[in-house]
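Q: I have a model open and would like to go through part of it with you. Shall we begin?
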Amino acid sequence: MNNTADSVWTDCLSFIKDNIKPQAYKTWFEPIKPVKLSGEALTIQVPSKFFYEWLEEHYIKLLRVALVRQLGNDAKLIYDVKMENSYSSNRPQIVKIPSSNRDPLKPQNVTVSLESDKRELRNPFIIPGLQKVKIESQLNPNYNFANFVEGDSNRLARSAGMAVSNKPGGTSFNPLLIYGGVGLGKTHLVHAIGVQIKDKYPDKTVLYISSEKFSQQYIDSVRSNTRNDFIHFYQMIDVLIIDDVQFFSGKAGTQDVFFHIFNHLHQNGKQVVLSSDKAPVDMQDIEQRLLSRFKWGLSAELQAPDYETRVSILQNKLFRDGVEMPDDIVAYIAKNIKSNVRELEGVIISMIAQASFNKKEFSLELAKQIVDKFVKNTKKEVSVDFIQKEVSKYFDMDVATLQSKTRKRHVVQARQLAMYFAKRLTKASLASIGSQIGHRDHATVLHACKTVDNLTETDKQFKKYVDDLMKKLSF
């Protein structure tokens, strides 16, 4: 019986399935399609470059063993990688990438003049006068992957973070930008990446820094005429992690110096990890050349956790604190605290404090009291759906009409107001708002916001619409 691509791949899958966990098999092997068998070379199609890199990083040995069993020692594997086509055709471009088996490049020896090494290099993290440049990573070891609970809301970001940790600077996720709302775990995840890299590669220089601190150090270096030392210091880092990069907004000097540091690190195969509360497309007052570099690698969003993930987070927190709590109380907290992880953990800390200091038993009543305080003290988030319903009701139309493609003036104005309030009152990205309000793009949402601002200043009746709706939506 002659081998075909389908038969060889089916036999490979049966072997692979016996050697990995069912969830990993379902995620990383079920989507693969066999394409062609040419001699000892099997071509398989994978959905994306991310997919191909993950297989090469984590399953290459398993794939190799499976193929050798079927095709012999000369077996070869070729990937058909679907690349997004942003030009005229809607069909995705397919790129063929052979499985990598080559040795890394040997290090190059360079003779450096001793004279160039005499000048002392200033370290912005140490007091001037200390002789040795010693760089503290500034990482918090308590923020690690072991206590970062995975769920549908963060799986892509966590998987990309793991890939970067295992091969810093060696994946296409460079830079890796993690973005999402408040309290969803951005800082935890970027610390976890740094901690994992330090565990795996102790010789690599890893540095975590907030954007505010980076900016302040740059200002100090300009003031003390040591800008070049500042740049040279950051160019020595192997893995640079910058938190809350959106605060570079409007700081032209900081953006300029970071642009040069970023280029140097990227060109030399160093890893850059960034976090932000906005996607690159939503960042204001950031230079285009910098935004384009943020988009070079992977932008991974952290979303609000679903119910199952919230339960897992609570159980993980209780386990780490050595506390036992009845399942019905955990379920109650998970159902009522939905906005972010920080609040979930805050409720647990409050419960433990009440139980230990006031000698109270864990009870549903105590959980209700604490949750009520958290919910009252937290401004309730308005959703895009709620805004659409309220705006439609105000203008006496249904939501379908609001989302429709009609160009009638009163419908267009209602739609623009819905987009305007969604931008002001929710944490949704422009692209997300546009897709929820009639499948528009982010540029349409930006135009709507500008139009509402202009009409509010020039049209008294329109200003009344805005004021009335603001009262209804900010109850």
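Q: Where is the place of Thr 187?
A: Thr 187 sits in helix α6; helices (H or I, at least four residues) and strands (E, at least two) are DSSP runs, numbered from the N terminus. Please note that this is a predicted model, in which local features need pLDDT of at least 70, side-chain atom pairs count only at pLDDT 80 or more, and totals for chains, interfaces and linings use all residues. Residues are numbered from 1 along each chain as its sequence is written, and side-chain values use heavy atoms, with hydrogens and water left out.

Q: Why does Thr 187 count as partly exposed?
A: Thr 187 counts as partly exposed because its relative accessibility is 26%. Buried means under 20% relative accessible area, exposed over 50%, and partly exposed in between (1.4 Å probe, protein chains only).

Q: Leaving aside neighbours within four places in sequence, what is Thr 187 in contact with?
A: Thr 187 is then in contact with Tyr 143, Tyr 208 and Asp 243, where contact means heavy atoms within 4.5 Å.

Q: And Gly 185, which loop is that in?
A: Gly 185 lies in the loop between β5 (176-180) and α6 (186-200).

Q: Is Gly 185 buried or exposed?
A: Gly 185 counts as buried because its relative accessibility is 17%. Beyond its neighbours within four places in sequence, Gly 185 is in contact with Phe 148 and Leu 302.

Q: Which face of strand β9 has Leu 302?
A: Leu 302 belongs to the covered face of β9 (residues 298-302), with Leu 298 and Ala 300. Ser 299 and Glu 301 make up the uncovered face. In a regular strand the side chains alternate between the two faces of the sheet.

Q: How many bridges join β5 to β9?
A: Five bridges join these parallel strands; two strands pair if DSSP finds at least two bridges between them. The bridge partner of Gly 180 in β9 is Leu 302.

Q: New topic: which residues does UniProt list for "binding site"?
A: The unreviewed UniProt entry lists Gly 183, Gly 185, Lys 186 and Thr 187. The lining of the second largest pocket includes these residues. UniProt positions are given in the numbering used here, feature names are shortened, and annotations may be inferred rather than shown by experiment.

Q: What counts as a pocket?
A: On a 1 Å grid over the protein atoms alone, a pocket is an open set of points with protein on both sides within 12 Å along at least five of seven lines, and lining residues have an atom within 4 Å of a point.

Q: How many residues line the second largest pocket?
A: The lining has 32 residues, and α11 gives the most, with five.

How values were computed. On a 1 Å grid over the protein atoms alone, a cavity is a set of points where a 1.4 Å probe fits but cannot get out, and a pocket is an open set with protein on both sides within 12 Å along at least five of seven lines; lining residues have an atom within 4 Å of a point.
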